[in-house]
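Open the model in your viewer and keep the selection tool ready. Each stop says what to select and what is there.

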Amino acid sequence: MNGRNFSTGIPAMDFLVTFLRGRVQRARSGELDRGASAVEWVIISAVVVAIVGVVAAIINTALSDGANKVGDCIKGAKASGTC
């Protein structure tokens, strides 16, 4: 990761990385006053945490559904059939 040609292949993630890099550069340059910058970082962090929470919930639901399907398949398994 050299700071110029970074790509995850996921457009939303690439946008987020680019946006955050720009914010870090502006914060380091002293272009922003500290109070507003701190509030913006809190908001950005909250959005990122919310996105991670939603993704975790979706993955948890998918894994739970898959585990239930496997369990149902095992319960109803017969020697002559497949699920």
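**Before you start**

This is a predicted model, in which local features need pLDDT of at least 70, side-chain atom pairs count only at pLDDT 80 or more, and totals for chains, interfaces and linings use all residues. Residues are numbered from 1 along each chain as its sequence is written, and side-chain values use heavy atoms, with hydrogens and water left out.

**Stop 1: the whole chain**

Select the protein chain. It has two helices and zero strands. Helices (H or I, at least four residues) and strands (E, at least two) are DSSP runs, numbered from the N terminus. Of the 83 residues, 6% count as buried. Buried means under 20% relative accessible area, exposed over 50%, and partly exposed in between (1.4 Å probe, protein chains only). The chain exposes about 6,900 Å², and carbon and sulfur atoms supply 65% of that area. Accessible areas come from the Shrake-Rupley method with a 1.4 Å probe; for residues, only the protein chains shown count as cover.

**Stop 2: helix α1**

Select residues 11-28. These 18 residues should span 26 Å at 1.5 Å a residue, and the end C-alpha atoms agree, lying 26 Å apart. The expected span is 1.5 Å times one less than the number of residues. Now colour the buried residues of α1: Asp14, Val17 and Arg23.

**Stop 3: two rings**

How many aromatic pairs does a search of the whole structure find? It finds one. Select Phe15 and Phe19: they are stacked, 6.2 Å centre to centre, with 20 degrees between the planes. Rings of Phe, Tyr and Trp (its six-membered ring) pair if their centres lie within 6.5 Å; planes under 30 degrees apart count as stacked, over 60 as edge-to-face and the rest as tilted. Phe15 and Phe19 are about one helical turn apart because they sit four residues apart in α1. Phe15 is exposed at 59% relative accessibility; Phe19 is partly exposed at 38%.

**Stop 4: the salt bridge**

Select Arg23 and Glu40. They form a salt bridge, with the closest N and O atoms 1.9 Å apart. Arg23 lies in α1 and Glu40 in α2, so the pair ties together parts 17 residues apart in sequence. The rule asks for a side-chain nitrogen of Lys or Arg within 4 Å of a carboxyl oxygen of Asp or Glu. Arg23 is buried, at 8% relative accessible area, while Glu40 is partly exposed at 31%.
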